[in-house]
Amino acid sequence: MFEVGFEGDLESYKRSGQKRSRSQKPMIGIGIIVASAVTLVCGQGPITTVSRTTVQTTASTIPGAPQPSGIPTITDPSSLVIPFIGTTNGGHVFPGATIPHGMIKAGMDTDSPGNHAGYDGDPKFNVTGFSQLHDSGTGGSIPLSNFKLFPFLQCSTFEKCPTTIANRKVLRRVLPDGSPDDFASPGYFSTNLTNSIRVELTATRRTALHRYTFPAGTTNPRLLVDITNDGQRSSTEPQMTLDPNTARVQGGASFAASFGPGRYKAFTCVDFKGVGYDLGKPTEYGVWLSNFPVRGTTDLLQVYYGFISEMGALFTFPPAPGGGPTSILVRVGVSFISASQACASAQEEIPDFDFEKVRANSRAQWNDLLGRIQVDTRGVEEETVKLFYSSLYRTHISPADYTGENPKWNSTEPYYDSLYCNWDTYRTLYPLMSLHDPVTLAKIVRGMIDIQKHEGWLPECRGATVMHFIQGGSNADPILAEFFVKFQKQAETLQVSATDLYDALLADAELQPPNWNLQGRQADLWKELGYIPHDMFFAGGANTKQVSRTLEHAFNDFTISQVARALGKTEDARKYLQRARNFINVWNPDITVPGGPGVVGMMQPRFANGTFNFTDPRHCSIHDPARATCFLNAANRDGFYEGSPIVYSQYVPQDTATLIELQGGPESFIARLNFIFDQDYFESTNEPSQQMPFMYHYANRPGLSTQRSRQVIAQFFNTSKNGLPGNDDSGKQPLLNTIHRN
Ligand SMILES: *[C@@H]1O[C@H](CO)[C@@H](O)[C@H](O)[C@H]1NC(C)=O
Ligand SMILES: *[C@@H]1O[C@H](CO)[C@@H](O)[C@H](O)[C@H]1NC(C)=O
Ligand SMILES: *[C@@H]1O[C@H](CO)[C@@H](O)[C@H](O)[C@H]1NC(C)=O
Ligand SMILES: *[C@@H]1O[C@H](CO)[C@@H](O)[C@H](O)[C@H]1NC(C)=O
Ligand SMILES: *[C@@H]1O[C@H](CO)[C@@H](O)[C@H](O)[C@H]1NC(C)=O
Ligand SMILES: *[C@@H]1O[C@H](CO)[C@@H](O)[C@H](O)[C@H]1NC(C)=O
């Protein structure tokens with residue numbers, strides 16, 4: 001069913017750890033996964049002759065399905081996962097404890113300037129706490145990182161404990177090889193601090209379980225709960241009470257979103273338990289404000305809380321009897337609704353504080369999921385196998401299952417959040433997920449449809465329950481279409497309403513939202529002109545990214561046409577297919593690029609009157625004389641988002657056949673792709689480049705796709721902690737080695 005093309009230097013191909021996969025036909029060969037939104041169209045025919053993918057949904061949903069004979073089954077794929085990949089140099093990967101798509105992501109926070117996911121793999125950065133919520137691989141402002149816990153080995157007195165972030169910092173132990181003494185595996189994280197306190201974390205969906213082990217002889221083990229310091233230090237309206245008998249802390253605050261204008265509320269419920277002894281009452285307790293713990297206080301109202309002060313609870317507990325090490329478990333429930341809901345879900349999910357049980361359950365969930373993709377590892381370097389399963393692991397950290405935690409409306413539908421941006425994931429994560437985790441994909445789709453029903457448009461970018469900024473098109477459309485084209489027959493069983501799904505797509509396509517920076521599209525102009533012009537300003541949103549928005553709307557409409565076709569809505573299918581051709585409206589055939597003889601014609605910004613403006617094709621590339629970035633910015637009037645005109649001139653996933661014609665035929669198309677790679681116009685760190693290694697397929701040269709994608713993986717991805725080229729949101733590329741044949 002799946003096969004990979006091959007051509008080029010066989011020896012170097014072998015040396016890269018790969019085998020020819022012609023010999024392993026029914027298997028998914030190592031690193032070969034069918035994915036990508038472009039699988040909606042296969043072959044190079046005109047877009048009217050689209051063929052469906054032939055995904056075998058049953059095979060992909062049966063864990064432990066029999067392997068072709070002789071191929072060993074990987075039963076504990078978690079052991080092949082290295083969660084620390086991408087935890088330095090801006091990868092922003094979260095390496096802490098979570099279940100697949102868990103709301104709770106319990107992990108270490110550090111004082112690293114790159115601590116978007118809290119952690120930094122460089123041991124020079126201090127630990128500032130262990131918080132409960134994170135995202136992974138994102139840009140924007142630091143998301144989440146709420147409700148940090150912190151252990152104190154010894155303060156001279158309760159009142160002298162240095163409780164602020166700046167004062168309580170502690171370094172990790174460093175191993176002989178220079179790495180920090182941290183360990184992580186799916187569902188579990190541990191570290192040894194330089195003060196000899198060991199910290200371990202595990203998680204269920206909405207509850208974290210921490211274990212703090214103080215060294216033998218500790219007389220006053222102390223634990224701090226921090227209510228106010230999220231990653232951005234943005235809290236307002238804090239509230240907190242503590243119970244002097246049980247040490248239960250309930251609290252919450254309002255915090256700033258990461259990549260949008262909104263704010264969200266989060267709440268926590270914290271309980272303590274001794275390991276092997278009854279903790280009894282705390283010997284000391286109190287609210288701390290800044291660096292002043294106030295012994296005997298139980299309520300925030302008993303101290304003078306000011307704007308952006310730091311605040312929380314501090315306890316001293318009796319040590320374990322006998323003078324040996326003291327271990328204290330801390331169960332931390334979190335809710336976006338209320339502290340009492342956080343208490344209820346914590347009690348439900350972890351009633352007995354059984355750390356090993358929670359850890360084992362979490363790992364079992366990961367093994368079930370990761371084991372659905374079995375690879376033939378014979379003759380393959382272990383590094384390659386680890387890179388594969390680690391990358392697969394990271395595709396299941398976000399989005400997060402916040403079902404039951406949506407503060408905006410009550411619904412019986414699932415609610416997934418931390419979509420961060422569909423723009424980041426529609427090309428890669430969801431097409432992959434559709435192969436081995438269609439049940440979760442169906443839930444995410446249901447959640448998106450439910451959001452559309454309540455907010456009017458499908459979500460695009462969303463974190464911590466609030467809308468974030470749109471980056472390009474309305475890219476829930478390809479995600480819903482990906483699901484529907486592949487699983488139309490199973491949709492009802494999976495509780496996805498075809499009618500609601502189609503209505504949600506039509507809202508994106510036809511209705512202009514009040515603010516297209518946050519949802520939907522600038523639909524009126526799109527319908528009227530067939531492109532987003534460079535020179536028209538309206539109150540409903542920014543006039544930026546005109547060319548990239550045009551290209552994405554064309555692709556988005558193509559995906560809608562595929563759903564219409566599947567539903568037998570012939571007229572609609574024709575209409576949206578027509579709109580899918582609008583990419584041609586921003587193609588200026590006369591543009592050339594310095595150093596690229598034969599590279600003629602580029603996507604360019606266009607005015608409402610039909611004439612073109614000019615943006616240097618090198619704009620936003622490493623060869624840009626102006627050194628522009630094309631990041632999200634209202635003042636950015638050049639027409640492109642996170643990609644050069646050269647990159648966006650390859651972005652017509654729905655109709656590469658026409659693109660090849662525009663670019664002068666297959667030979668010149670291949671020459672252009674080679675130029676893009678050889679001159680480093682390919683941008684491994686940003687999303688719009690992600691489909692390029694595979695485009696040779698459409699010029700009937702699949703072997704070159706294989707070669708190019710192997711090169712990209714070898715050059716930019718490895719298993720070290722700096723093994724990602726930038727934020728991990730741009731595509732989890734080692735999985736995108738996509739070759740598909742019907
Ligand atoms: C770690 O904390 C110590 C003490 O506050 C400080 O001197 C040091 O600069 C911190 N390290 C970093 C990388 O900020
Ligand atoms: C921390 O120390 C304990 C024993 O003291 C050891 O078992 C563990 O491997 C160390 N490292 C981590 C990351 O937990
Ligand atoms: C959801 O239902 C609960 C219980 O009836 C109610 O207290 C709450 O206000 C509702 N929430 C919303 C956002 O409507
Ligand atoms: C088209 O519009 C642009 C920008 O508004 C303007 O500079 C240009 O002169 C116009 N061209 C024609 C032919 O009207
Ligand atoms: C044409 O493009 C340039 C460069 O991006 C931009 O500065 C200028 O405002 C555009 N012209 C119009 C009339 O919008
Ligand atoms: C690993 O990948 C990173 C990011 O692309 C790169 O900077 C680094 O050189 C690579 N390391 C090795 C040993 O290949």
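A polar contact here is a pair of N or O atoms within 3.5 Å. The model shown in these views is predicted.

**View 1. Asn 410 makes a polar contact with ligand 3.** A polar side-chain atom of Asn 410 lies 2.3 Å from an oxygen atom of the ligand. The protein covers 27% of the 360 Å² of accessible area that ligand 3 has on its own. Pro 407, Lys 408, Trp 409 and Asn 410 surround ligand 3. By class, this shell has 2 nonpolar residues, 1 polar and 1 charged.

**View 2. Asp 111, Lys 124, Phe 125, Asn 126 and Lys 169 surround ligand 1.** The side chain of Asn 126 places a polar atom 2.3 Å from an oxygen atom of ligand 1. For Asp 111, a side-chain N or O atom is 3.3 Å from a ligand 1 oxygen atom. Ligand 1 has 360 Å² of accessible area on its own, and the protein covers 43% of this. The shell around ligand 1 divides into 3 charged residues, 1 polar and 1 nonpolar.

**View 3. Ligand 2 sits among Asp 181, Asp 182, Phe 183, Ser 190, Asn 192 and Arg 198.** A polar side-chain atom of Asn 192 lies 2.5 Å from an oxygen atom of ligand 2. For Ser 190, the distance from a polar side-chain atom to a ligand 2 oxygen atom is 3.0 Å. Arg 198 also has a polar side-chain atom 3.0 Å from an oxygen atom of ligand 2. Ligand 2 exposes 360 Å² when taken alone, and the protein buries 54% of that. Strands β4 (182–185) and β5 (188–192) each give two or more residues to the shell. The shell of ligand 2 holds 3 charged, 2 polar and 1 nonpolar residues.

**View 4. The largest nonpolar core has 89 residues.** Tyr 430, Met 448, Leu 480, Phe 483, Leu 501 and Met 603 have the most contacts inside this core. Helix α13 (residues 546–566) gives the most to the core, with 9 residues. A second, separate core has 69 residues, among them Cys 161, Leu 223, Ala 320 and Tyr 402.

**View 5. Met 603 and its contacts beyond four places in sequence.** Contacts of Met 603 include Val 547, Leu 551, Phe 583, Val 586 and Trp 587. Further along the chain, Met 603 is in contact with residues including Phe 640, Pro 645, Tyr 648, Ser 649, Val 652 and Leu 659.

**View 6. Helix α8 (residues 429–436) is largely enclosed by the rest of the structure, because 8 of its 8 residues are buried.** The buried residues are Leu 429, Tyr 430, Pro 431, Leu 432, Met 433, Ser 434, Leu 435 and His 436. Tyr 430 is also among the residues with the most contacts inside the largest nonpolar core.

Conventions
Residues numbered from 1 in each chain as written. Chains lettered and ligands numbered in written order. Predicted model: local features only at pLDDT ≥ 70, side-chain atom pairs only at ≥ 80, totals over all residues. Heavy atoms only, no water. Core = buried A, V, L, I, M, F, W, Y, C linked by side-chain atoms within 4.5 Å. Buried < 20%, exposed > 50% of the residue type's maximum accessible area, 1.4 Å probe, protein only. Helix = DSSP H or I, 4+ residues; strand = E, 2+ residues; numbered from the N terminus. Contact = heavy atoms within 4.5 Å. Near = heavy atom within 4 Å. Polar contact = N/O pair within 3.5 Å; in protein donor to acceptor, adjacent residues only side chain to side chain. Areas by Shrake-Rupley, 256 points an atom, 1.4 Å probe, with all protein chains shown as cover. Nonpolar A, V, L, I, M, F, W, Y, C, P; charged D, E, K, R; others polar.
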